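Me: I would like to learn how to read a model of this kind, one feature at a time. Please give the general idea first and then the case at hand.

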Amino acid sequence: MAPGLIPGIRRSEGRSFAAALFFWGTISPVQSFSQTGITIYLHPMKLIALTAALAVAVAPTSSALIESVGTITGTVRNSITQEVVVGATVKLEGTKLGTYTNTKGEFTIKNIPPKSYTVVVSSVGFKSKSLFNTLVTSGNVASLGIEIEPDLTKASSIDVEVRSFGKRSETPLSVQSLTTEEIRSNPGGNFDISRVLQALPGVGGATGGASFRNDITIRGGGPSENVYYLDGIEIPQINHFATQGSAGGPAGILNVSFIEDVNLSSSSFGSGYDNALSSVIAIKQKDGNSEKLQGNFRLSATEVAATADGPVSENTTVIASARKSYLDFLFAAIDLPIRPNYWDFQFRTTTKIDNKTTLNVIGVGAIDVFRYGVPRETSLEKEYVLRAAPSVDQWNYTIGASLRKALDNGQVFVSLSRNMFDNKLQRTKEARAGSPAEKVFDVSSREIENKFRLEYTQVASNISYKTGVQAQYVKYTNTTFNKLNDFVTLNFDSKIDFFKYGVYADASTSFFNDRLRASAGLRTDGNTFMETGNEIWRTFSPRAALSFIIDSSWSINATVGRYYKIPQYPILGFRDTGSGLVNTGASYIGTTHYVAGVEYMPEPSIRVTFEGFYKIYDGYPISTLDGISLANQGTNFGIIGNEPVISDGKGRAYGAELFFQKKLTENFFTTISYTLLYSEFTSLNSDKYIPSAWDFRHLVSGIVGYKFENGWEFGGKIRYAGGSPYTPYDTTVSRQLFILNGFGQLDFTRLNNERLRAFRQVDVRIDKKWSFTSWSLDLFIDVQNALAFSLDAPSQYTFTRTADNADWASSDGQPVRPDGSNAIPVFIDNSSTLVTPTIGVIIEF
């Protein structure tokens, strides 16, 4: 877990909130909280046995399965022009099933026995494409939107099959691709994109006591350095109870039923993406089913979700979903003091105006409420959570429309979108003898972005180029009251609005019969708020990539690129007590990536890569309150950057990655990765590099899965991370301020001087699927930390309570004084060996 890092709340408070949510991440219906911690009432192996018994008990007779067949439909398009491809061959590998696309580029394959297939698409003048692990059930029609790449070098002697690993000309390396089924069946993934990504090479995430969170840290960069795109439209928030200024949180918003594939680029970003320092995560949603109205229902230990999709008219389809958690009822029943509750909603419509023009409208929204309840039986741990963490009220949405129109040898993409994030945090100092309850922390902030994007792509001979413009109108408000101590209080009301803009261009080509592929791009950004915002030469960000194809299996790849990110809105909108804007002199955060590697693909389903990377940072914001770099922040709850900063920080992250992936063939798939990683940043008025919160040194992950012929599936996942750095407490200052703040104060003169023990976790998942005539059933059990490894986390500083837990204990028998001088400090052990089993069911109809 990152070392307590929330400015505006003060940094320790964020970790307190993480301690509260730690219980969220480790509770299931078979667990209960007691004064000594979490007690497992049913052993995970007994749960597995129970699941197997239940699967046998509800198994249908063979006669019920005889007529169980499924259907695949879809559209095949040219990846560059978006024109439909007529007469393309679509077949299921290893079977005699297949068809051709019609004059609209559409295809349908019916009477398919339910299981997972590899879909192979080919057409004259195009590179063939394989889509692995395409699941067919009798409940839902599988809808595919397939893009195939033109073969611009027809004289090439090299095999021109394209494997679905997400690579493009501008990103020949540092890219990973996941299908919807890989996300859905990921052990410990809980149908959550962010959790699944944490098993990919170079992805650290939060570890130890914060491992329940969805934070993504890539190659030594913090969670705020990633950007997310949904069907070409940026979506700033993808998690419930999100950290403002970042994107992490304990539960994902996006519904996996919508997703066709996810591409993660950890370097060599296309110039069309702004604000990316560590990664671009591009999510492609599927079209609604054009055959019939269909849906699915999912019930798990913590939530219930429903999805429906189908045709609206001859040319329009829709897919929509809603999800509701019932954690608040569950936690009340097992006497936890926290009451988290959330809703989320999602929709997508697709209208095929003609064979060359498609209109998509998307929407994603969430409502999050975090409250506290008085426990029936109290304890030191529960009392700490009640006093240290703020209540949370959040809601957010993104809505947008995009139009793609095919042109002769090109395409135009236009999008309009709006996103809004409303965040309210509040904490009250407890009432004590002689003093009433007192509000000590209250933040109410709102971010609004209105975005426009226009992009034109053209192909001439074997040269492809792309140009585009982006514009945004931003409004940000923030009302903050934060009593740091008896002498210092932050109290301001801030409202700002301004424009952001960017222009970019990319070009790619190949030489020597496609053996040498090259791409280059340039981008620049500006804004009307910062003092140097309109000096666009400051953000010129060139990038280039080369790929040499040795033969049909081996290639050598290299990229170099410069990237920029505007500081978070809480930084730009921060004011002092005199209501003056403090951080208008902040600059764009910059980073330069150098990456080189080799790739070996002996067959379409197998990929081995080895890459080395070096990233240099400059202009990183550093807090002038405590002197530490904001690069360390992002895995806590609340808000990042609500404080005065100076853009003087430097950083570096470097290492190497080894990755092996086998897509699903012959019922088996696996991934194995190892990353050597160093991440270091400077502090205020110092050029000394200090390990950051993401300096894991060693990252290991592996996933294995097997699909049996009778509907049983098994999956396992292992994650290992070297001990993450953390900052110890300043016990003197902690004692003085604990009664006011309810949490300990970190000693930033010893920033990240300590390390946790290494993080280890093994997750296991077992599914049993049945396909009936017109519906299907999936019963699953998912066990997180199945081997009960110890999950280490920094201890929490608090004061000892009296025997009846009614007040703080003191060394002299008198009430604890406001400065805590007669209190009895104690540390709460945050380590845990919790095992979290969950049983769930998915029904498709």
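Me: Is Lys284 buried, partly exposed or exposed?

Reply: Buried means under 20% relative accessible area, exposed over 50%, and partly exposed in between, with a 1.4 Å probe and protein chains only. Lys284 has a relative accessible area of 24%, so Lys284 is partly exposed. This is a predicted model, in which local features need pLDDT of at least 70 and side-chain atom pairs count only at pLDDT 80 or more, while totals for chains, interfaces and linings use all residues. Residues are numbered from 1 along each chain as its sequence is written, and side-chain values use heavy atoms, with hydrogens and water left out.

Me: Which strand holds Lys284, and which residues is Lys284 in contact with?

Reply: Helices (H or I, at least four residues) and strands (E, at least two) are DSSP runs, numbered from the N terminus. Lys284 belongs to β17, residues 279–285. Contact means heavy atoms within 4.5 Å. Apart from neighbours within four places in sequence, the contacts of Lys284 include Gly145, Ile146 and Glu147, and also Phe258, Ile259, Glu260 and Asp261. From Lys284 to Thr179 the C-alpha to C-alpha distance is 9.8 Å, although 105 residues separate them in sequence.

Me: What is the strand order in the sheet that includes β17?

Reply: Two strands pair if DSSP finds at least two bridges between them. Here the order is β11-β16-β17-β12-β13, an open sheet of 5 strands with mixed pairing. At its edges are β11 (175–179) and β13 (233–234), each pairing on one side only. Strand β12 (residues 226–230) runs antiparallel to β13, with 2 bridges joining them. Tyr229 is placed opposite Glu234 of β13.

Me: Why is one side of β6 and of β9 left without a neighbour in the sheet?

Reply: The sheet concerned is open, has 3 strands in the order β6-β3-β9, and shows mixed pairing. β6 (106–112) and β9 (142–148) are its edge strands and have a single partner strand each, so one side of each has no neighbour in the sheet. From one strand to the next the twist averages 20 degrees, where axes are lines fitted to C-alpha atoms and angles run from 0 to 180 degrees between N-to-C directions. β3 (residues 70–78) and β6 run antiparallel and are joined by 5 bridges. Ile72 has Ile109 in β6 as its bridge partner.

Me: Which residues of helix α9 are buried, and what do they pack against?

Reply: In α9, residues 731–741, the buried residues are Ser734, Leu737, Phe738, Ile739, Leu740 and Asn741. Their packing partners are α7 (380–388), β24 (410–429), β25 (438–460), β26 (463–483) and β42 (796–799). After α9 comes Gly742, with a positive phi near 80 degrees.

Me: What does the pLDDT average over the protein chain?

Reply: pLDDT is the predictor's confidence in each residue, from 0 to 100. The average for the protein chain is 85, and 88% of the residues score at least 70. Residues 1–42 have pLDDT below 50, yet this stretch has 177 contacts in the model beyond near neighbours in sequence. Residues 61–65 are also below 50, with 5 such contacts.

Me: How many helices and strands are there in the protein chain?

Reply: The protein chain has 9 helices and 44 strands. Of its 845 residues, 63% are buried.
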